[in-house]
Amino acid sequence: MKATLRHGVQALLVLLAVLAPLTVQAERKLLDQVVAIVDEDVILQTELEARINTITARLQAQGTGLPPSQVLEERVLDQLITESIQMQMADRAGMRISDNELNETMANIAERNGMSLAQFEAQLEAEGVTYNQAREQIRKEMLTSRVQQRQVGNRVRVTDREVENYLESQQARGNNSAEYRLAYIFISVDNPSDEAEMEAAREKAERLRSEIAQGRDFREVAVAESDASNALEGGDMGWRAEGQLPSLVAPVVPDLAVGEPSPVLENNSGFHLVMVMDKRGGEQQQVIQQHRVRHILVRPSEAVTDSEAEARIRDLYQQLQNGASFSAIAKEYSDDPVSGSDGGNLGWVSPGQMVPAFEQAMIEADVGELRGPFRSQFGWHILQVQERRQKDISGEVRESEARQAIYRRKFETELQNWLREIRDEAFVEFKGEYGNDAPAEEEPVS
């Protein structure tokens with residue numbers, strides 16, 4: 001099927017080439033052209049130029065210098081090819097982003113940047129990007145993220161032993177909770193056994209480090225020289241807790257001053273530089289209030305109207321007021337089968353575990369007080385808080401953060417491997433001036 005469609009695209013291009021002189025003799029104006037065929041999709045010159053303009057505007061707004069135009073074109077084209085492959089995978093899987101979900105995401109982005117939607121739209125216009133263009137790019141990014149989570153997430157497993165080892169390592173380091181905003185440059189090596197190639201890459205990395213140390217902007221160097229997938233973002237890696245640092249850079253980052261480039265780091269894939277752009281930290285106490293609570297639920301159904309359920313719960317409440325056993329009433333009448341069989345016991349409840357109506361009643365109730373009847377989305381409740389305590393959940397939080405950090409580290413490595421795989425498996429044909437030069441592949445920090 002893919003081959004048939006590919007030949008169909010090529011045949012269409014040939015037909016257009018034959019007909020073009022006949023249809024544009026009066027007005028010799030090239031409206032658009034294909035720069036690459038990617039499986040069943042094509043990338044147009046207008047798409048490439050639009051993306052270049054967007055990235056250029058963003059880099060200029062950040063004060064980041066631009067690489068030579070040819071370098072930028074090749075990098076952006078490579079980005080579009082990888083994006084096209086993933087968008088086609090999303091389409092085949094039937095993935096969609098609804099307008100409501102997209103609108104909510106755009107509103108959240110504006111809010112995180114301290115803007116209203118109108119201010120956000122004005123900021124985009126100032127950077128040469130229309131609001132609709134930004135929406136469509138965010139839609140693509142959301143779809144590619146979902147494809148990556150589905151395809152790559154299945155490859156990643158985190159064991160309990162890995163979590164234990166991670167926590168032991170953190171303890172040995174003194175549980176430093178500092179976070180670092182990092183930027184990254186990668187100089188790839190295709191053949192690590194080639195001494196000449198290795199030496200040339202090493203010299204390039206050392207030269208770039210020297211230029212940065214002498215004042216050249218790290219982000220500008222990343223855009224122009226880095227082989228990493230985030231090069232066009234100025235090498236920005238975002239905020240990373242110490243435990244989330246890639247293993248190669250983890251030993252050096254805590255000792256770097258903000259704005260100081262790391263020494264040149266080496267592994268089998270090439271040479272690496274990292275810089276701490278900003279730093280924040282301070283360990284926070286992880287203490288929460290927990291409630292040991294039990295409840296009785298009467299749920300409306302096809303056989304029981306809401307008013308009948310309310311009348312029943314009020315009758316049960318009166319029985320409890322008259323001295324009936326809470327446990328016995330819950331076992332006999334509660335429509336929550338799990339807690340009902342245990343006398344209504346829900347155990348220790350932490351903030352955020354219950355629906356808002358239940359949590360509000362639980363917080364407001366005195367210890368030992370019968371609270372209710374009140375309505376939640378599940379039906380009518382009576383609850384009783386039996387005990388309260390302050391619980392230090394630092395251990396649970398650290399374990400959860402450790403598991404997430406390990407997962408993220410593994411995911412990033414697997415993502416780079418997967419991106420290379422899908423690129424190798426895809427049919428990509430460059431057209432026109434791009435036909436002789438395909439953008440280079442990359443390797444991740446391991």
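Tutor: Below we take some of the labels and check each against its cut-off. Keep in mind that this is a predicted model.

Student: Fine. What makes up the chain overall?

Tutor: There are 14 helices and 11 strands in the chain. Of its 446 residues, 40% count as buried. As for contacts with a separation of 6 or more, residues 24 or more positions apart account for 71% of them.

Student: Let's start with helix packing. How do you know how H3 and H6 are oriented to each other?

Tutor: Look at the angle. Helix H3 (residues 69-92) and helix H6 (residues 131-153) pack at about 75°, and their axes are 9 Å apart. The range for roughly perpendicular is 65 to 115 degrees, so H3 and H6 are roughly perpendicular to each other.

Student: Which residues make that contact?

Tutor: From H3 you have Glu 83, Gln 86, Met 87, Met 89 and Ala 90. H6 brings in Gln 137, Lys 140, Leu 143, Thr 144, Val 147, Gln 148 and Gln 151. By class, the contact of H3 with H6 has 5 nonpolar, 5 polar and 2 charged residues.

Student: And what makes H3 and H14 roughly perpendicular?

Tutor: H3 and helix H14 (residues 394-425) pack at about 85°, with axes 10 Å apart. With 65 to 115 degrees as the range, H3 is therefore roughly perpendicular to H14. On the H3 side, Asp 78, Ile 81, Thr 82, Ile 85, Gln 86 and Met 89 take part, meeting Trp 418, Leu 419, Ile 422 and Arg 423 of H14. That contact of H3 with H14 divides into 6 nonpolar, 2 polar and 2 charged residues.

Student: How does the reach of H6 compare with what is expected at 1.5 Å a residue?

Tutor: H6 has 23 residues and spans 31 Å from first C-alpha to last, close to the expected 33 Å. Among its buried residues are Tyr 131, Ala 134, Ile 138, Met 142 and Val 152. The cover over the buried residues of H6 includes H3, helix H4 (99-112), helix H5 (117-126) and H14.

Student: Why is Arg 150 called partly exposed?

Tutor: Buried means under 20% and exposed means over 50%. Arg 150 has 44% relative accessibility, so it counts as partly exposed. This residue is found in helix H6. Apart from neighbours within four places in sequence, Arg 150 is in contact with Ala 93 and Met 95.

Student: What about H2: which parts of the structure do its buried residues pack against?

Tutor: They pack against strand S1 (34-38), strand S2 (41-44), H3, H6 and helix H9 (218-225). The buried residues of H2 are Gln 45, Leu 48, Arg 51, Ile 52, Ile 55, Thr 56, Ala 57 and Leu 59. Helix H2 (residues 45-61) itself has 17 residues and reaches 24 Å, close to the 24 Å expected. After H2 comes Gly 63, with a positive phi near 75°.

Student: On to charges. What makes Arg 202 and Glu 266 a salt bridge?

Tutor: The N to O distance between their side chains is 3.3 Å. The cut-off is within 4 Å, so the pair counts as a salt bridge. Arg 202 sits in helix H8 (residues 195-213) and Glu 266 in strand S5 (residues 265-267), so this pair, 64 residues apart, links distant parts of the chain. Arg 202, at 26% relative accessibility, counts as partly exposed, and so does Glu 266 at 42%.

Student: How do you know Arg 403 and Glu 399 form a salt bridge?

Tutor: Their closest N and O atoms are 3.9 Å apart, and the limit is within 4 Å. Both lie in helix H14, 4 residues apart, about one turn of the helix. Arg 403 has 29% relative accessibility and therefore counts as partly exposed; Glu 399 does too, at 39%.

Student: How many salt bridges does the structure hold?

Tutor: It holds 32. Another one is Lys 431 with Glu 429, the closest N and O atoms being 2.9 Å apart. Lys 431 is partly exposed at 23%, and Glu 429 counts as partly exposed at 24%. Elsewhere, salt bridges that share partners join Arg 51, Glu 83 and Lys 140 into one network.

Technical notes
Residues are numbered from 1 along each chain as its sequence is written. This is a predicted model: local features need pLDDT of at least 70, side-chain atom pairs count only at pLDDT 80 or more; totals for chains, interfaces and linings use all residues. Side-chain values use heavy atoms; hydrogens and water are left out. Axes are lines fitted to C-alpha atoms, for helices over the stretch in contact, and angles run from 0 to 180 degrees between N-to-C directions. Helices (H or I, at least four residues) and strands (E, at least two) are DSSP runs, numbered from the N terminus. Angles under 35 degrees count as roughly parallel, over 145 as roughly antiparallel, 65 to 115 as roughly perpendicular and the rest as oblique. Contact means heavy atoms within 4.5 Å. Ala, Val, Leu, Ile, Met, Phe, Trp, Tyr, Cys and Pro count as nonpolar, Asp, Glu, Lys and Arg as charged, and the others, Gly among them, as polar. The expected span of a helix is 1.5 Å times one less than its number of residues. Buried means under 20% relative accessible area, exposed over 50%, partly exposed in between (1.4 Å probe, protein chains only).
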